[in-house]
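Here is a friendly briefing to read alongside your viewer. Please load the model, colour it by confidence, and keep it open as you go through the points below.

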Amino acid sequence: MKSIRVAVLALPLFIGLFAFADAAAAAKPAKPAGASRAVKSGKSGKSAKLAFAPNFKAPFPCGQQWTYSHHDGEVRRALDFIRTDGGSTGGTPNLASAAGTVHNLYQEGGAGNYVQIDHGDGWTTFYFHLSSFSVGDGSYVEQGQEIGITGSTGASSGPHIHYEQLYFGDGQDIQINGGGLGYPGEYYQEYITSDNGCGGTGGKSYVDTFDNATGYNDANMSDAQGTLFKGTNYVYCKVYGAEVRSGDSFNHWWLRTDLDETFPGKNGRNAYVSAYYLSRWGNDEAKDNNGNVIPDCP
Ligand SMILES: [Zn+2]
């Protein structure tokens, strides 16, 4: 139900961007090479603002190598990416290439499930053909945070990440870590290895929790401080403590975090929530949404 409602709202926006891009392309058939670097001349307000582009990183996890291309009929200045380091393209997380606000959208027969991240100052990025979304619509994400899973929804012949960088809706030549990528017509000519998320996301790990969880003052259940609402949450680190068990499911790890709701007279900061509430991991596992083990608390 949710995706149907979103589709109705999203479609006019998407078509609008599409039409704008096509019209712009027709009016300016040959964008000069290095146009986005004309910033330094500061000739127009719009160009000058390009100087403030976020330092975009690759839209897939740290250390992975992918190849990319811009095929015939591709929209705007998109690049399609597939994985070439032996791992499977389908099922690999898409990461936010810069911090911003996530919009989870859907376009049948086109982008499929797609995420638009609004980075501010007119900059947005697109991630098309996702098999699923990883954070709630409207969530704020840090650079390197997982936003979706690579899939093949919409007009797609196989799993890949269709990625775009736009400035006020106008597709830009893609830059990663401040350097422009090439636009080969086929895969296996140019490659990029990601450093996105290598340093974590500002000391926070992002996790999905399947139910509201009580937060405590320590790694046990003796002094409740408040509640962490279910959904995508950040945690700082983990400590080993009292076992939380339900039937055959158990976990000894406790995750330090800031609670969504604090009980009267209690402290919701740096409270501990059981890793039992993590959505996708097993007994005594404490991993983030990217599958990385959450670091031990100092
Ligand atoms: Zn594409």
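This is a predicted model: local features need pLDDT of at least 70, side-chain atom pairs count only at pLDDT 80 or more; totals for chains, interfaces and linings use all residues.

**Overall make-up**

- The protein contains 2 helices and 21 strands.
- Of its 298 residues, 37% are buried.
- Taking contacts between residues at least 6 apart in sequence, 63% of them join residues at least 24 apart.

- Why can β6 be called largely enclosed by the rest of the structure? The reason is that 9 of its 11 residues are buried.
- β6 spans residues 123–133, and a loop separates it from β5, at 112–120.
- β5 and β6 run antiparallel and are joined by 6 bridges; within this pairing, Asp118 has Thr124 in β6 as its bridge partner.
- β9 also runs antiparallel to β6, again through 6 bridges, and here Phe126 stands opposite Glu164 of β9.
- A further antiparallel pairing links β6 to β8 (residues 146–150) with 3 bridges; in it, Ser132 stands opposite Ile149 of β8.
- As a reminder when you inspect these pairings, side chains in a regular strand alternate between the two faces of the sheet.

**Nonpolar cores**

- The largest nonpolar core has 31 residues, and the members that touch the most others are Phe81, Tyr114, Val115, Tyr127, Ile147 and Tyr163.
- Which elements give two or more residues to this core? They are β1 (65–69), β2 (79–83), β4 (100–107), β5, β6 and β9 (161–167).
- β6 provides the largest share of this core, with 5 residues.
- Another core lies apart from this one; it has 21 residues, including Trp254, Tyr276, Leu278 and Ala286.

- Asp121 is not a glycine, yet its phi is positive, at about 55°.
- Asp121 sits in the hairpin of β5 and β6, where 2 residues lie between the strands.
- Is Asp121 buried or exposed? Asp121 is exposed, because 12 other C-beta atoms lie within 10 Å, and a residue counts as exposed at 12 or fewer.
- Asn177 likewise has a positive phi of about 55° without being a glycine.
- The place to look for Asn177 is the loop between β11 (175–176) and β12 (179–180).
- Asn177 is exposed too, with 12 other C-beta atoms within 10 Å.

Conventions: Residues are numbered from 1 along each chain as its sequence is written. Helices (H or I, at least four residues) and strands (E, at least two) are DSSP runs, numbered from the N terminus. A residue is buried if 20 or more other C-beta atoms lie within 10 Å of its own, exposed if 12 or fewer, and partly exposed in between; C-beta atoms are placed from the backbone. Two residues are in contact if their C-beta atoms, placed from the backbone, lie within 7 Å. A nonpolar core is a set of buried Ala, Val, Leu, Ile, Met, Phe, Trp, Tyr and Cys residues joined through C-beta atoms within 7 Å. Two strands pair if DSSP finds at least two bridges between them.
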